[in-house]
Amino acid sequence: MIKIKEIFECLSGNSDLTEEFIYKHVGLRENEMYTVLSSSTDETESMGLIPLCKNSKSQDIKVFKDRKGILVARNGKAGTMRYLPEGKYTINDHAYILYLKDSCKSKYKILETEEETFLKYFIYAYSTQVKSYATKNDNATWNKTTFFKDFEINSADMTKETLLRFKSTNKELEELANIINLLNKQVVLLSKKFVSIDPMTQDDPIILGEVFDYCSRNDALSEEGIYYRQPDGNDLTVLSGSASNLVYGKINKKSEKIHYVEDTQCLHLVSRGNAGKLTYLSKGDYATNTNAFLLYLKKEFRKEHNIISEHQEEMVLKYYLYYLQPTFFEISSKSDLGVFPLTNAISTLYVPVIKYSDEVENIVNIIEQYEDLKENVSTLKERYDAIKGKQLFSV
């Protein structure tokens, strides 16, 4: 084991670096400007830039430049670390910077070429242990003194084999992280294009039941019920109340006493569990088990508002989905039994008249891009966490 004090030096923060102090020195532009860091673990955040200047004691502020290091949060998310590439930094008194001792780099020759790899590996391998040196209260503070007195790491962490093995695996992590950050920026940009779905109509609101018909759920379509209604080629797709695993099975369309829709595009509505959740379904033959309903546009509504093509119907359905979704979740949350009260909603809920237009289509397209990006980000984060969570090394 190697004492941490044999590996790292530590730069403490500047107590003078308040927002007011930084603001007063903004205009003093000189050749060297330093990024002011605090306890934030977000790599995109800083308190601003400041030139080398004097503190209240007429001493130069402490700076960290042209070296790689680790920023450690002293307060806030105390003990949280992030890697600092070479640059020009200064810190307030809510953070520390750890950096390798010259004597350590001389002793362990691999650090001459793999200093960055070691620093990133240290953050990966020891994040939990480092955080344990923070006090357990609302105003948590990381205890630098105890950390440097007691903390040790495995000598194997300084070997070529360990660092190059980690470097190879960490490359995929960093590539994923870069993609996730890029997609997150696109999500934010898209989200600014629509704040909410606004009713784009001059008509008076109408009752939901004047827009939609609905297909009742089928209590008979349990697993056993589906088993005894085997498909024969002229089938119905049975849908469940699970938004993640929608298709429950298939049954013969000739089955008696089954509620279903035929050759219809509609909205799938979860009635139990994640009650109120809506999903668009393209044209098909559908029935549901006891945990879902199907909503579809009334013929009279389509005729009255000149919805003449399948595409126009799809756009209107999707617009209603995005408009209704928050309201449906709210209605479900107020239900005593946690079941969506469709009969009541159909007869009492007022909604705008949504007619097909280019504006409707544009908004639906923007929201679909937004939802696709969010799903991609979520998938990538799962992949990222799965790789990061692997026990690659015993530490």
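**Close-up views of salt bridges and a mixed sheet**

**View 1. Aspartate 60 is partly exposed, with a relative accessible area of 42%.** Lysine 54, at 47%, is also partly exposed (buried means under 20% relative accessible area, exposed over 50%, partly exposed in between, with a 1.4 Å probe and protein chains only). The two residues form a salt bridge whose closest N and O atoms are 3.0 Å apart, the term requiring a side-chain nitrogen of Lys or Arg within 4 Å of a carboxyl oxygen of Asp or Glu. The model is predicted, so local features need pLDDT of at least 70 and side-chain atom pairs count only at pLDDT 80 or more, whereas totals for chains, interfaces and linings use all residues. Residues are numbered from 1 along each chain as its sequence is written, and side-chain values use heavy atoms, without hydrogens or water.

**View 2. Lysine 253 and aspartate 285 meet in a salt bridge, with 2.9 Å from N to O.** This pair links distant parts of the chain, 32 residues apart, with lysine 253 in the loop between strand 14 and strand 15 and aspartate 285 in strand 16 (strands are DSSP runs of E, at least two residues, numbered from the N terminus, and helices are runs of H or I, at least four). Lysine 253 is buried at 12% relative accessibility, while aspartate 285 is partly exposed at 21%. Glu262 joins Lys253 and Asp285 in a network of salt bridges.

**View 3. An open sheet of 6 strands has the order 12-17-15-16-13-14 and mixed pairing.** Strand 12 (212-215) and strand 14 (247-252) stand at the edges, each with a single partner strand, pairing being counted when DSSP finds at least two bridges between two strands.
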